[in-house]
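Please look through the structure shown below and keep it at hand while reading the report that follows.

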Amino acid sequence: MFTELRDGLAGHAEALAEAAGALADLDVLAALAEIAVECGWVRPRTSGGAARLSQARHPVVERATGGRFVPNDADLGPSRHTLLLTGPNMAGKSTYLRTVALCALLHQVGSFVPADHAELPVYDAIHTRIGASDDLAGGRSTFMVEMSELATILHGATHRSLVILDEVGRGTSTLDGLAIAQAALEHLHATGAHTLFATHYFELTRLEADLPGLVNLHVAAEEDEASGLTFYHQVIPGAARQSYGVEVARLAGLPAPVTSRAARLLTALNSGGDDRKLTRELAALDLGRLTPMAALELLHRWQGELRGGAEE
Ligand SMILES: Nc1ncnc2c1ncn2[C@@H]1O[C@H](COP(=O)(O)OP(=O)(O)O)[C@@H](O)[C@H]1O
Ligand SMILES: [Mg+2]
């Protein structure tokens with residue numbers, strides 16, 4: 001009986017596969033339509049180039065945060081095609097990047113999008129580099145994985161692409177990472193791709209002065225003595241002023257002696273100008289005229305300054 005059934009069906013294999021494919025499409029579209037009604041999504045307009053979203057939401061984070069999700073706007077066009085997003089950890093940078101990318105993807109698959117109003121172009125690709133992942137078995141370190149993903153993006157992005165880069169350059173030393181992040185950002189800026197670049201390197205925010213079309217945004221947060229750090233999850237114009245890393249570490253429950261030691265070290269590092277002052281003084285010394293006693297006195301003073309700076 002089985003063989004008979006199988007042979008009977010085999011004659012209609014093509015029609016059956018086609019019907020199954022059509023039903024699968026219908027299933028996806030019906031699910032998207034249902035969620036659009038249920039969650040108040042809008043029909044996006046296809047634009048010739050600009051991307052404008054008002055009150056956009058990340059559908060998954062929105063559901064997870066109950067009624068407390070803070071929607072945000074996005075505005076990308078020729079005069080602002082590179083958005084540089086700063087703000088403390090946990091502020092909502094990654095969520096914002098993914099929100100924009102998800103809206104673009106949903107628009108392009110023919111769905112409504114989670115926003116109050118949406119106008120989006122048809123991108124030739126959506127390139128993303130988000131989060132760290134290891135490929136240790138494959139013999140590639142976290143940083144190697146990050147760099148090869150970045151390489152693919154930098155080679156592939158065009159002026160019609162959407163590029164989402166989250167904390168690029170994190171996997172190496174600070175100066176290395178900063179240098180790579182800035183060079184990658186400059187390269188992408190030159191392609192004209194719509195780029196959203198979230199970074200903890202505040203040094204990059206000064207690029208706004210040199211690169212037309214690069215705009216600083218940050219996620220609002222506020223610190224006060226009594227309640228610590230408050231996150232508003234709201235994306236607003238301008239660069240963030242500081243990273244609040246130590247504050248976030250405190251919220252996460254690091255032992256108090258560790259966070260207060262970190263705060264002192266940070267103050268010392270931030271006044272790192274001392275080192276440069278010492279280097280300049282040293283370079284300017286006329287050793288031929290220096291007596292051994294004067295040299296010793298200088299050494300004594302410099303050591304005092306360095307130790308004082310590190311322990312303040
Ligand atoms: N717009 C938002 N509204 C409400 N909560 C948010 C919003 N964005 C982020 N969050 C919450 O903050 C957490 C951290 O967000 P994330 O995007 O990972 O921050 P960042 O990348 O700045 O460190 C999320 O897991 C979510 O719970
Ligand atoms: Mg993040």
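In which loop is Ser47 found? Ser47 lies in the loop between β1 (45–46) and β2 (51–56), where strands (E, at least two residues) and helices (H or I, at least four residues) are DSSP runs numbered from the N terminus. This is a predicted model, in which local features need pLDDT of at least 70 and side-chain atom pairs count only at pLDDT 80 or more, while totals for chains, interfaces and linings use all residues. Residues are numbered from 1 along each chain as its sequence is written, chains are lettered from A and ligands numbered from 1 in the order in which they are written, and side-chain values use heavy atoms, with hydrogens and water left out.

Ser47 counts as buried because its relative accessibility is 13%; buried means under 20% relative accessible area, exposed over 50%, and partly exposed in between, with a 1.4 Å probe and protein chains only. Its side chain reaches the backbone nitrogen of Gly49 at 3.3 Å. Apart from neighbours within four places in sequence, Ser47 is in contact (heavy atoms within 4.5 Å) with Glu119, Leu120 and Pro121.

## Strands and their pairing

An open sheet is formed by 4 strands in the order β1-β5-β2-β3, with mixed pairing. Its edge strands are β1 and β3 (72–76), each of which pairs on one side only. Two strands pair if DSSP finds at least two bridges between them, and β2 and β3 pair in the antiparallel sense over 4 bridges, with Ala56 standing opposite Asn72 in β3.

Strand β9 (residues 214–224) and strand β10 (residues 228–237) also pair in the antiparallel sense, over 7 bridges. A hairpin of 3 residues joins β9 to β10, and Ala221 stands opposite Phe231 in β10.

## Two residues with positive phi

Met90, in the loop between β4 (82–86) and α4 (93–108), has a phi near 80°, a positive value in a residue other than glycine. Met90 is exposed, because its relative accessible area is 61%.

Glu167, in the loop between β7 (162–166) and α6 (174–191), has a phi near 55°, which is likewise a positive value in a residue other than glycine. Is Glu167 buried or exposed? At 10% relative accessibility, Glu167 counts as buried.

## Leu5 in helix α1

Leu5 has its place in helix α1 (residues 2–10). With a relative accessibility of 53%, Leu5 counts as exposed.

How values were computed
Polar contact = N/O pair within 3.5 Å; in protein donor to acceptor, adjacent residues only side chain to side chain.
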